[in-house]
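Visitor: Hello! I would like to learn how to read a protein model, one feature at a time. Could you guide me?

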Amino acid sequence: MRSLDEVLKDGIRDISDYPQAGVVFKDITPLLADHGGFSQVVEALAAFGRDADGTVVVDKVVGIEARGFILAAPVALALGAGFVPVRKKGKLPAATYEESYELEYGEATIEVHQDAFEPGDRVLVIDDVLATGGTVEACLRLVRRCGAEVAGTAVLIELSFLPGRDRLAAERVEALVTV
Ligand code: AMP
């Protein structure tokens, strides 16, 4: 079996100047197309929802739209936990909480259903890339507003040249690879 590092190296490619000049986009579609690699990554992310004995310690797994959904849903199934989508504003049909955060140009708003969690649910948050940390930070505020407890955040890739880690210094944040 390939190592997780090899799987990530093979499956994540850099696309320069996408979606705008100066940005190097981390494209995970080759990884998703590789059944063995995708399975290893799902297992590695799911490990953050278990304790040292392998006991599952989360009740729900949150995926952040859109690539977070692709990763979080199979992680939820692997853990025997529920899946909760956090979506861009205007996409969820029932009553929501919303949180806004700054982007480089302008602002973004994400939402979650108010009844997405049971009180005290332990939650693992999953996304593909941790960049400035604004998206994850807003997502954690949403989870807590619902009365649930954040067990941790796991991402595939952490961009170390951006301040996501510092911004989330008070949180448990795990990354499969840091670049
Ligand atoms: P941020 O809020 O700055 O941490 O940005 C995180 C969100 O933007 C994640 O949901 C990522 O999907 C996306 N993102 C930011 N930078 C990149 C990048 N270089 N490559 C791919 N996705 C990115």
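This is a predicted model: local features need pLDDT of at least 70, side-chain atom pairs count only at pLDDT 80 or more; totals for chains, interfaces and linings use all residues.

Visitor: What is the peptide bond from Tyr-18 to Pro-19 like, cis or trans?
Guide: The general idea comes first: most peptide bonds are trans. The bond from Tyr-18 to Pro-19 is cis, with omega near 0°. A cis peptide bond also joins Glu-65 and Ala-66, where omega is about -5°. To find Ala-66, go to the loop between β3 (60–64) and α4 (67–79).

Visitor: And phi? What is the phi of Asp-17?
Guide: Again, start with the general rule: most residues other than glycine have a negative phi. Asp-17 is not a glycine, yet its phi is positive, at about 60°. You can look for Asp-17 in the loop between β1 and β2.

Visitor: Let's turn to the ligand. Which residues come nearest to the ligand?
Guide: There are 13 residues around the ligand, and those that come nearest are Arg-67, Asp-127, Asp-128, Thr-132 and Thr-135. Sorted by class, the shell around the ligand holds five nonpolar, four polar and four charged residues.

Visitor: How do I read the contacts in detail? What lies 2.9 Å from a nitrogen atom of the ligand?
Guide: Look at pairs of N or O atoms, which count as polar contacts within 3.5 Å. The one you ask about is a backbone N or O atom of Lys-26. Side chains take part too: an N or O atom in the side chain of Arg-67 is 2.7 Å from an oxygen atom of the ligand. For Thr-135, a side-chain N or O atom is 2.5 Å from an oxygen atom of the ligand.

Visitor: How much of the ligand's accessible area does the protein cover?
Guide: On its own, the ligand has 480 Å² of accessible area, and the protein covers 82% of that. The ligand takes up the space of the largest pocket. Two or more residues of the shell come from each of β2 (24–27), β7 (122–130) and α5 (134–145).

Definitions and conventions: Residues are numbered from 1 along each chain as its sequence is written. Side-chain values use heavy atoms; hydrogens and water are left out. A residue is near a molecule or strand if one of its heavy atoms lies within 4 Å of it. A polar contact is a pair of N or O atoms within 3.5 Å; within protein, one must be able to donate a hydrogen and the other to accept it, and residues adjacent in sequence count only if both atoms are side-chain atoms. Accessible areas come from the Shrake-Rupley method with a 1.4 Å probe; for residues, only the protein chains shown count as cover. On a 1 Å grid over the protein atoms alone, a cavity is a set of points where a 1.4 Å probe fits but cannot get out, and a pocket is an open set with protein on both sides within 12 Å along at least five of seven lines; lining residues have an atom within 4 Å of a point. A molecule sits in a cavity or pocket if more than half of its atoms lie within 2 Å of its grid points. Helices (H or I, at least four residues) and strands (E, at least two) are DSSP runs, numbered from the N terminus. Ala, Val, Leu, Ile, Met, Phe, Trp, Tyr, Cys and Pro count as nonpolar, Asp, Glu, Lys and Arg as charged, and the others, Gly among them, as polar.
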